[in-house]
Amino acid sequence: MPVAGNPYQDDRGNKDRSIANPQGAGEIVHRKGGKARPSEAGGAFLIGDAMTGGYGKGPDILHDCTIAVNQGEIAVIVGPNGAGKSTAMKAVFGMLDLRQGSVRLDGQDISDLSPQDRVVQGMGFVPQTNNIFTSMTVEENLEMGAFIRRDDFRETMAQVYDLFPILKEKRRQPAGELSGGQRQQVAVGRALMTKPKVLMLDEPTAGVSPIVMDELFDRIIEVARTGIPILMVEQNARQALEIADKGFVLVQGRNAYSGTGRDLLDDPEVRKSFLGG
Amino acid sequence: MSEPVKNTLLFLVVAVLIAIAGFMQSWNTALLILNMGLVSAIMAIGVNLQWGFAGLFNVGVMGFVALGGLAAVLVSMPPDPDAWRAGGVRVLIGLALGAATIIGAVLVYTRVKKGPLRAVGIVAILVGGFFIFRGVLDPGVDAVESVNPALSGYLGGLGLPVILSWPIGGLLAGGVAWLIGKTALGLRSDYLAIATLGIAEIIIAVLKNEDWLSRGVKNVVGIPRPVPYEIDLQNDPDFVSSAAGWGLDPVEASTLYVKLAYAGLFLVVLLVILWMAQMALKSPWGRMMRAIRDNEVAAEAMGKDVTRRHLQIFVLGSAVCGLAGAMLTTLDGQLTPGTYQPLRFTFLVWVMVIVGGSGNNFGAVLGGFLIWFLWVEVEPIGVYLMETITSGMAEGSALKSHLMGSAAHMRLFTMGLVLLLVLRFSPRGLIPEK
Amino acid sequence: MEFLNAFVALSNYVLIPGIAYGSQLALGALGVTLIYGILRFSNFAHGDTMAFGAMVTILVTWWMQAQGISFGVLPTALLALPFGILGTMVLLVVTDRVVYRFYRQQKAKPVILVIVSLGVMFIMNGIVRFIIGPDDQNFADGARFIISARDFKAWSGLDEGLALRTSQGITVITAVVVVVALFWFLNKTRTGKSMRAYSDNEDLALLSGINPERVVTYTWLIIAALTTVAGVLYGLDKSFKPFTYFQLLLPIFAAAIVGGLGSPLGAIAGGFVIAFSEVTITYAWKKVLGYLMPEGLEPDGLVQLLSTDYKFAVSFVILLIVLLFKPTGLFKGKSV
């Protein structure tokens, strides 16, 4: 974009690798966030309540959208392509500019916090792509997950290894050399290292084979059984709703249907429109 | 304030600045700034073609400018028949053998299937070719360089009018740019910056060391001029009398006349180049260049050969720099390879382009004049500043003499400061791209 | 005997200078590669930062010499080195706060930062010339040789004398210490790992609670140490002249790219590849061959492949060859 847009981001299409390194560059703008406030509003353990907003000054992508998960639950967000599923999750994580609505976690209003600060508040987030440090070993990935912790995290690491035995086996290998399913395990493991109050997964099964997908879902259920609530965006709506306690069907940034996973699977409307009959 | 008014005002400001130099210092100084500003503006257009319109990062401007300078020598200086007799032909044969070696290696690389045989073949051709090349070339070079080394010691040029060297300088620079671009832009990822940085140093090393070609650090002086000589004007009674009519003494009038003549010539070239650059960019070709710049993936999907387009504009931009280099050497009347320094000939041109406005030819021209004015005038201003600062200090104090002596280095500092300030507060430059 | 003489001559003129120069280039290239990996641009001000660090060290050295402080047989500059590093740290951190940080907040593209570094280069160049002037400065003192040619001849009975200058010895030892310390830091400490994580994946590092500003500050501090050490070692070994430091940019960039930009191990390998190619190709082999060739077959000429003035050409040709065959450099260049 030569004329419009941020002039500092105009590289004139330069692709010169001898002077510029695009690898690993980030997109999240580091901003100083506000503070968390106690909230009386109540509701679920983690709730993105009536969120309306979009990226920067761009148009609104979410319209009065509500996403919530309670302790001990798995909640999934499903919907057609471009429905704003990932956007809704990013909004909960603070990567979107909300114009209306609020995000509350464990009785605190965290709407003004920056994503980094939400991690400190106890949110674990696994992005859809680029969710591991490829050049670092599996163990180093987990260590980086525990970066904000100043206490002894060896116990948590042992728990992660129990959950994902293959990672223990490969702990000295660079994470970039692992297979797709194993990489996702590293990604989830890294997020678990903070001992989060809630885990958010953005399409954890994207691009893996069906067998690996089933295995990943099993692991996610196991994580949920340890007591961590899970909020997850999924492309594979049917499988996801089968393991979900709660489901949110989004269409064009709005809540279309909500209910328990079972209810949604049984709802003829939902089946017809989103689950292929 | 509308765009055209603002831009005209910016150019007026620069004109006034140069006029102030004329009143406060001398009109010779002012005209010299003007002439060098014209040359700088052309260089800036060249770099702007590459960076502004294609995002190519050329940090070897110095090399192309120096090639233009070499062209001025090779075209305009009279040939040295003794040197040619001594070893000219041998040198040419040596060079041809060197070129044949490289072409042979490239042919083997492209024609033979990958494997140990190819690697061995290439190494054998390169090593063998190198020794044959040196074996033929070296005696020829020695012979040429020993012919009257104090005054000549090189092959000389073609003895043609020096103005011819301007387009030829462009061709020479463009040719070398083609070779660089072919290699650096064709690599899997693009390494143009480091390639140009390296080639520029190599070109300067060749000019400094290949005495048979350019007399090296002994410099080539007395390059013929496209304009009259001062001394001839002073001896011309008509000129003296018309100078007197203006109230000028003949010596000053002749120097001004010569500089004005250069300014006229340079202005014509600048206008032609500027017109061509503007026309090219408004043409479908130019629109495609910008389409590639703004979205290479889409352009590639539409079947545009991006590498080819990049190569074209890289060659064109470098040729413009070569042309400016030939003009510069013509203006100086001498080729002094030792004076080619990257800060002055590469990075200063970059400052001109960025400050003027990347992607806008008029911006580049403005930047050329403005930055050159600052480059020249910061030094006297710095000295004046230091005199004011140190006026209270004891005469002969160490600090005072140090500060006075260092004032000259203020110009580098100032250039950096101007670049950073413009980048920060007016990142599109003084005359932004439309 | 002839073989030993040849080997001593080779050590004198190729091996020892090559190792010393290679160490200096490696330290420079490490800095370039770290900035490329973490700040994601090639820093054109690197050579001038080296000059600045060396300049501060030289000024402190002169002051120490004037105070009568000396380091015995070792150059006083080694005592002044920590002050030089400190001065450079202040300069770089201030530069980052005043200049670079704004562009990070804007999420500026790396190539914009390259242009910014051009401006910083001009300014640093101006500062160095303003303070110490553009001329050659000599600041080496202490013993000149660890092994002098005459002592060696007397000891070994060979025709050829081996000379090892103090500056060369110090260069190699210091470089090894610095490199080991750097690798330990990057691979074993929490902060070092966080720098690698940031280089690998900025967003994920942020999500892991790594503070980008801290990573960047640490990077500049390390760069300050690397550039100052490299600049002082080069100055002790050759001489200090601002323009020479600026010109070191090309071999340093070449070393970093040959090794694989972003790879610290590659930077070291690249430094030695470039240094040895330069030294071997521009060395006149007459003496060594004279010892090795049978009687009567000794070469007449200097047997110098290229004149020393073309040493930049050598760096460049090596670079080109490596890139043609391995576009990512010898050690697959990636994030640190």
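Residues are classed by relative accessible area as buried under 20%, exposed over 50% and partly exposed in between, with a 1.4 Å probe and protein chains only. The model is predicted, so that local features need pLDDT of at least 70 and side-chain atom pairs count only at pLDDT 80 or more, whereas totals for chains, interfaces and linings use all residues. Residues are numbered from 1 along each chain as its sequence is written, chains are lettered from A and ligands numbered from 1 in the order in which they are written, and side-chain values use heavy atoms, with hydrogens and water left out.

At 59% relative accessibility, Gln252(A) is exposed; this residue is found in the loop between strand E10 (246-251) and strand E11 (254-259) of chain A, where helices (H or I, at least four residues) and strands (E, at least two) are DSSP runs numbered from the N terminus. Gln252(A), although not a glycine, has a positive phi of about 50°. Most residues other than glycine have a negative phi. A positive phi, of about 55°, is also found at Lys195(A), likewise not a glycine, which lies in the loop between H6 and strand E8 (198-202) of chain A and is exposed, with a relative accessible area of 55%.

Gln185(A), placed within helix H6 (residues 180-192) of chain A, is by contrast buried, its relative accessible area being 6%. Beyond its neighbours within four places in sequence, Gln185(A) is in contact with Phe164(A), Ile166(A), Leu167(A), Glu215(A) and Leu216(A), contact meaning heavy atoms within 4.5 Å. Between Gln185(A) and Leu163(A), which are 22 residues apart in sequence, the C-alpha to C-alpha distance is 9.2 Å.
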